[in-house]
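User: Please take a close look at one strand and its surroundings. I would like one connected account.

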Amino acid sequence: QVQPVESGGGLVQAGGSLRLSCATSGRTSDTYAMGWFRQAPGKEREFVAAISWRGSSTHYADSVKGRFTISRDHAKNTVYLQMNSLESEDTAVYYCNEELIYSRGTWRQLGPWGQGTQVTVSS
């Protein structure tokens, strides 16, 4: 498949946890990072987390540092986002991308987006 497939979203109470999964194409290249973006109603799609191809480097938006953890399983061609201590502000559609680069001070997406998975945090 050319598009990633996100799953694992749902409804959770504030303070709870979810783990999102992203099934990728299986591309393996040190040219790109993999990661997650999210988009809340009325807002621009924003960067959440990224992991390097080698897995030795991770990056997080300030809003999720200390709460979210990105990881990957190469054997399963899957990227994960473990989300703990969820807040109402985390409510959004979460998107995965397997072709990210960091240039000119920002994360940029080159690969296609999937349909996303909805995360709703209630309080």
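Analyst: E7 and E8 make a hairpin, with four residues between them. Asparagine 77 sits in that turn and has a positive phi of about 55 degrees. The names come from DSSP runs numbered from the N terminus: strands (E) need at least two residues, helices (H or I) at least four. This is a predicted model, where local features need pLDDT of at least 70, side-chain atom pairs count only at pLDDT 80 or more, and totals for chains, interfaces and linings use all residues. Residues are numbered from 1 along each chain as its sequence is written, and side-chain values use heavy atoms, without hydrogens and water.

Now the pairing. Strands pair if DSSP finds at least two bridges between them. E7 (residues 68–73) runs antiparallel to E8, joined by six bridges. E3 (residues 18–23) is also antiparallel to E8, with six bridges. Tyrosine 80 in E8 is the bridge partner of serine 71. Serine 21 also stands opposite tyrosine 80.

Burial comes next. Buried means under 20% relative accessible area, exposed over 50%, and partly exposed in between (1.4 Å probe, protein chains only). In E8 (residues 78–83), five of the six residues are buried, so the strand is largely enclosed by the rest of the structure.

One is found in the whole structure. It joins cysteine 22 to cysteine 96, S to S 2.1 Å. The link is left-handed, with -80 degrees about the S-S bond.

Technical notes
Disulfide = S-S within 2.5 Å.
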